[in-house]
Amino acid sequence: MLDPSKIKFLVVDDFSTMRRIVRNLLKELGYVHVDEAEDGAIALQKLRSGEFDFVVSDWNMPNMDGLQLLQAVRADPGLRHLPVLMITAEAKKENIIAAAQAGAHGYIVKPFTAATLNDKLAKIFDKLEQAAAA
Amino acid sequence: MSDFQGMEDLLQDFLVEAGDLLSSVDNKLVDLEKTPHEKGLLNEIFRGFHTIKGGAGFLNAHELVTLCHLTENLFDRLRNGELEVTREIMDAIMDATGSVREMFNSLEHGVQPDPAPPQLLAALKLAIAGTLTAAVAAPAAAAAAPAVPAAVAPSAGGPDWGGLMQAVSTSVAAFAPAAPAAAPAAAPAAAGFQPDVTGKSPEDIIKLAVGRRTVDKPGNPNAAPSRRDSEKGRDNSIRVDTVRLDQVLNLSGEIGLTKNRLTSLRSDILNGRSDTDTLHALDQAVGQLDLLVSDLQSAVMKTRMQPVGRLFQKYPRIARDLARSLGKEVELVLVGEETEIDKTMIEDLADPIIHLIRNAVDHGVESPEKRRASGKPEKSQVRLEARQEGDHIVLLVADDGQGMDAERLRAKAVEKGLITDEEANTMDERQSFNLVLLPGFSTKDVASDVSGRGVGMDVVKTNILKLNGTIDIKSEMGKGTTFVISLPLTLAILPVLVVCLGEQPFAVPLSMVREILPVNASAIQEIGGRATMVVRGEVLPMLPLSYLLGWSQEHPPEYGVLMQTAESSFILAIDSFAGREDAVIKSLEDFRPKGVAGVTTLSNGQIVLILDIKELLDSISGQRGVPRSVFMPQAALSA
């Protein structure tokens, strides 16, 4: 297992309260290295200029939404390896398909607890390790 | 007691942010009424409800989630062009935002909100189904099934999102009850739903729209609480631009450097160096410190400044609802939303501005028929404007209505016994307009629900004066009325006039001072046993400061300061004065002598009491005035 304190997260959401919620949940799980972005466009800028290991992004945002961000990340050779966890208030089938097709590593529906988030993260890290081992 | 143990911080954040969001949604709704097909607006409103829903979920505020979810679904269909914005739908949406705000109120009190009214939920469901309008039953809209949460098992095939689905379905349970499809069963419940604000009293409209504070209850003009009382229970956090904070940091760093310089100069001087170079360096360092400190003061002050737009946001919706309940058409135009005002002041202005807006909508603006008859456009405009003028902020509430009739106002005030006939005869137009700010004044014979009880307007004045501001009225018959509020930039720094009684200095707020006059015993007349002086035709009572404080007067006062308070003008008689200062007010915690608003330190290090003139006047009410003899040299000697 990776050292949680070394993993740098970028939390993307236009609602600052939500960013704080996610940040707190991550902190509870020992992930203390967290930066924030207000929308997809700002997130992309930060991702390109900073050393991030993980993206947790809201879906519905102004300027550039989460799905567009995901697509942009996957299209960028420097960023395409980044794990992206999508957060949304919607559990709509078509949304999940769209996220999966765009290359999301996970999908989590608001509201969620630290335990749910931990499960999701653990699954993604497992998958990444398997991929690295293979 | 709270339903939010351990989540208070989160809750506060949520309420502030979601409250702003809801206000902006409210405004966009008012815009949407004008341009119902504007896709951008529909999108933004959709996202507003969506975001509030997301945050509410984490607070376990299920009822709020349910309501936002329904509204959001409705907007989803509207923005996709599956539904049209109708008046019925609009009303249901407006009711929904009102209900959301009510829920914010209970959250603010630490209580999980009650469910939204069932009629409202039913109406929203019908609207989503496209059957809220009895007459219009768009077949296409009715056919399209509303979005159902994907709690269904995924169909086989496709990428490996099966695992994702599984994770999702655990949390979707929380949402299941929130998303019932518009069931036909909802129809009967909604049958009795009257989606119109007319069903609500305007008081409710305002309470809904403003939320929390209902301090200025009509009929209780003294209810305005002291600043310290109202400070509690309100949001004590503030959002500051980091650029401004950096400026403060930068300046305090610079001051640190200058302090080091001064420390080293001090030791030089203490060691006997006093050559011109050293003194020059000292002069420079002190001069620099002076500059830096005043920069720091203004930088710190700026961190308290907030754009007034945050306050203004609430009003278009209130104006719209009020106008509708009165059968009028009013557009509220906002100007100067970027003007910055001290945060505390913004909060204290919320209620007075509501009173002024509802006064404009109720009294100022005519009915559409009357407007048509006088050749005006049916839709009237009420302008709410803020701008900075020098070291003051000016707020305007202007309507293009019928204007005020000075003659009628005077007659009314006499009839109500508020002024005497003689007083009425000497009043000019401006003074007559100001009569509406007197307690107990109302020009309508039958009080209307909205603003006709003659309460409120005097509260406006009281509240503005509490902020060291002034209010003035301009009006032209047939053209409209403008209320002009003038406020100091901040409450933290108070320009004062320092007056002296013997050796003892006292500070009085400069905003109340009109002029300073020499006191000449021969110019003083006694009327009804009270010393008065005539200043440009105005008979003003002379009140020695010593008398207000209950001190003895050693010498006859030499100067008079013409003071203007809310109710009256008078001359404050003093021994001498020391000039004006920008006082930084320190309140006296837990100890407040009567008539003292606070203390400040003068430039020479002396501590001075800042007088609360209104309180001093209240303390002597009933026996207002001193005999003329006080101002006579011999009387003073014998005193």
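Quick housekeeping: the model is predicted, so local features need pLDDT of at least 70 and side-chain atom pairs count only at pLDDT 80 or more, while totals for chains, interfaces and linings use all residues. Residues are numbered from 1 along each chain as its sequence is written, chains are lettered from A and ligands numbered from 1 in the order in which they are written, and side-chain values use heavy atoms, with hydrogens and water left out.

Okay, chain A. We have five helices and five strands here; helices are DSSP runs of H or I with at least four residues, strands are runs of E with at least two, and both are numbered from the N terminus. Along the sequence the pattern reads β-α-β-α-β-α-β-α-β-α. Of the 134 residues in chain A, 54% are buried, meaning under 20% relative accessible area with a 1.4 Å probe and protein chains only, where exposed is over 50% and partly exposed is in between. Now contacts, meaning heavy atoms within 4.5 Å: in chain A, among those between residues at least 6 apart in sequence, 62% join residues at least 24 apart.

On to chain B, and a helix pair. How do α3(B) and α4(B) pack? Helix α3 (residues 62–79) and helix α4 (residues 87–108) of chain B sit at an angle of about 155°, axes 10 Å apart. The axes are lines fitted to C-alpha atoms over the stretch in contact, and angles run from 0 to 180 degrees between N-to-C directions. So α3(B) is roughly antiparallel to α4(B); that label takes angles over 145, with under 35 roughly parallel, 65 to 115 roughly perpendicular and the rest oblique. Residues making the contact include B:Leu67, B:Cys68 and B:Phe75 from α3(B), and B:Ile93, B:Val100 and B:Phe104 from α4(B).

Speaking of cysteines: B:Cys68 counts as buried because its relative accessibility is 0%, and B:Cys500 is buried too, at 10%.

Last stop, B:Glu366. Where is it? B:Glu366 is in the loop between α15 (343–364) and α16 (368–373) of chain B. Buried or exposed? B:Glu366 is buried, at 6% relative accessible area. Leaving aside neighbours within four places in sequence, B:Glu366 contacts B:Lys328, B:Arg371, B:Lys376, B:Asp400, B:Gly401 and B:Gln402. B:Lys328 is 38 residues away along the chain, and its C-alpha is 7.7 Å from that of B:Glu366.
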